[in-house]
Amino acid sequence: MQTSLDSIAYKAKKKKNYRFSNLYGMLNQRNLEGSFKFLNKRSARGVDKVSARAYGTKLKENVENLIERLKRGAYRAKLVRRKYIPKSNGKQRPLGIPSTEDKLLQVAATRIVNAIFEQDFIRSSFGYRPKLGAKDAILKLKSKLQFGRFGYVVEADIKGFFNNINHDWLIKMLKKRINDKRFLQLIRKWLKAGILEEDGEIIHPYTGTPQGGIVSPVLANVYLHFALDLWFQKVVCKQIKGKAYIFRYADDFVCLFQYKADAERFYSALPRRLEKFGLEVAPEKTLILKFSKYEPAGNAKFNFLGFEFKWGFNRDRKPQLLVQTSRKKLSSVVKEMALWCKENRHMGIGKIMKAFNTRLRGHYNYFGIIGNSQRLKSYYFRSICVLKRWLNRRSQKRSYNWSGFYKMLNFFKVATPKITQKREENIQLSFC
C-alpha cells in the first residue's frame, strides 16, 4: 500500500486541483491486512467486544468477509461505544471507541486521506500530522516570537469542536480532492454511526465526529484547514497592514500580529467566520493580548499546549522569551501522578518504580525545553513526594523515611529532570 500512497501523495503535491477516484478499490485484502499492523493491539474494545488480538488470529478470514460486504454494499458501521475520561478540572472528556473491524477500515481510509491532504495542509498546522507534534508547535512559536516583530497575540479555542463538525460541510471539503462516491459514503457512514452511551442510550448524531475515533483526527484537520487555515492565509493576511502568523494544533490555536488594529480586526471577524461552519469560539479562552519584546515588562502571558509564554530579561538585560510549563498544567499533572500512585500502590515495588520512571521520562520528553528547568524540578520533587506518601500508606506501619526513600530512588535509577531539547534544534528554529 505504501507504494500506492506515495504515488497519491506525489500526484496530490504536483496537481493541486486533481480529484482522486477509485480510492474505494484500494480497500482490498492486501492493503487491509497491511493496515492491521498500525492498529493498537491494546486499545479498548468496541460494542463487538472483540479485541484487536482476537481479530488478528483469523485476520485473513475476517478481512475476506469484510471485503465481500464492502463490494456488495452490505457493510454497516457498528455503534460507537462512548467512554468518559476524567479531566484534571473535574470535567469529563468523551471518547468514542469503534468496533475492531471499523477501526481496521478506518486505519486504511485514514492513510489514504492523509496521503492526499497532507500535501495541502499549511506549515503552521501541527496537530495529528506525520512527523509533527505539539512540541514542534511550541518550539516554532517560541522562535517566531523571539526573532519576529510581533506585538499582539490572539489566543483562541473552539468550543466543543469535535461535537459540532457539520457533516455536509465536511463532505464538501473532502470533495475538493476526492471524486469517489463510495469512498465518501463510507466516511459518511462513520459520521452517522450511532453512539452507545454508558447508560445504554443510543444517540444518532447530526453533527460531529467521535473524539478518539481513528479517522476523526484527519477529518478534523481537513475541516479546520478549509474553515480556518486557508481563510487566515488567503484572506486575513492579505487584508492587514503588518505581519501575521497562525499556529494551530487541532482546535487550539494562537495568532501573532504585528499591529493592534490587525489583531482587533481578526478578533472581530473570527466568530462570524466560524459560525458559517457551525462552530463558535469559547469566550473564556479567547482574548487579545499585548505581547511585545520591545515592552517586555509587566505580567503579560498566555498559555498554549500546556506551556506558559511570557517576556523577561537575560543576563545582558535583553528581552528574553520565557517558555515554561504552565502553572495550571503543572498542577494537573501532579494531581494525575498522585491519582496514579494511589490506584497502583498495591503493585510490587519493582513494577511501581518502572511505571513511575516511564511517566517521569514522558514528562521530560515533552516539557524538557531550554529554559524550563525550574518547572521540571518542581514536577520531579512534587511527584516523588506523592509517591512517598502513598507508598507509606500501603500498610499501617510507615515504610520509608526520606533517607531510605532516596536510597530506593537511586537503586531504581529514577529519572531526574532533564532538558531534552537539542541545542542544534534551537539554532535551526531561530532562522526559520
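The side chains of R69 and E101 meet in a salt bridge, 2.3 Å from N to O. This pair ties together distant parts of the chain: R69 sits in helix α4 (residues 59-71) and E101 in helix α5 (residues 100-117), 32 residues apart. The model is predicted: local features need pLDDT of at least 70, side-chain atom pairs count only at pLDDT 80 or more, and totals for chains, interfaces and linings use all residues. Residues are numbered from 1 along each chain as its sequence is written, and side-chain values use heavy atoms, with hydrogens and water left out.

**Salt bridges**

A salt bridge here is a side-chain nitrogen of Lys or Arg within 4 Å of a carboxyl oxygen of Asp or Glu. Side chains of opposite charge can pair when their charged atoms come close. By this rule the count is eleven. Helices (H or I, at least four residues) and strands (E, at least two) are DSSP runs, numbered from the N terminus.

E101 also meets K78 in a salt bridge. Again the pair links distant parts of the chain: K78 lies in the loop between α4 and β1, E101 in helix α5, 23 residues apart. Elsewhere, salt bridges with shared partners join K16, D120 and R177 into one network.

Three of the pairs are listed here.

| Pair | N to O distance |
|---|---|
| R69 and E101 | 2.3 Å |
| K78 and E101 | 3.4 Å |
| R72 and E68 | 2.5 Å |

E101 is buried at 7%. R69 is buried too, at 15%. K78 is partly exposed at 31%.

**Surface patches**

Patches are made of residues with over 30% relative accessible area and no salt bridge; like charges are joined within 9 Å, nonpolar side chains (Val, Leu, Ile, Met, Phe, Trp, Tyr) within 5 Å. Areas come from the Shrake-Rupley method with a 1.4 Å probe; for residues, only the protein chains shown count as cover. Lys and Arg count as positive and Asp and Glu as negative; His and the chain ends are not counted. A charge is placed at NZ of Lys, CZ of Arg, CG of Asp or CD of Glu.

A positive patch gathers K87, K91, R93, K285, K328 and K329 on the surface. K328 belongs to helix α11 (residues 327-344) and is exposed at 63%.

F381, W402 and Y406 make a nonpolar surface patch of about 290 Å². F381 is in helix α13 (residues 373-391) and is partly exposed at 43%.

**Sheet**

Two strands pair if DSSP finds at least two bridges between them. An open sheet of four strands runs in the order β2-β1-β4-β5, with mixed pairing. The edges are β2 (92-97) and β5 (202-203); each has a single partner strand, so one side of each lacks a neighbour in the sheet. Strand β1 (residues 80-86) is antiparallel to β2, and six bridges join them. P86 has Q92 in β2 as its bridge partner.

**Backbone**

Most residues other than glycine have a negative phi. K49 has a positive phi of about 60° although it is not a glycine. K49 lies in the loop between α2 (29-35) and α3 (52-57) and is exposed at 66%. R317, not a glycine either, has a positive phi of about 65°. R317 is placed in the loop between β10 (307-313) and β11 (319-325). R317 is exposed at 58%.

Technical notes: Buried means under 20% relative accessible area, exposed over 50%, partly exposed in between (1.4 Å probe, protein chains only).
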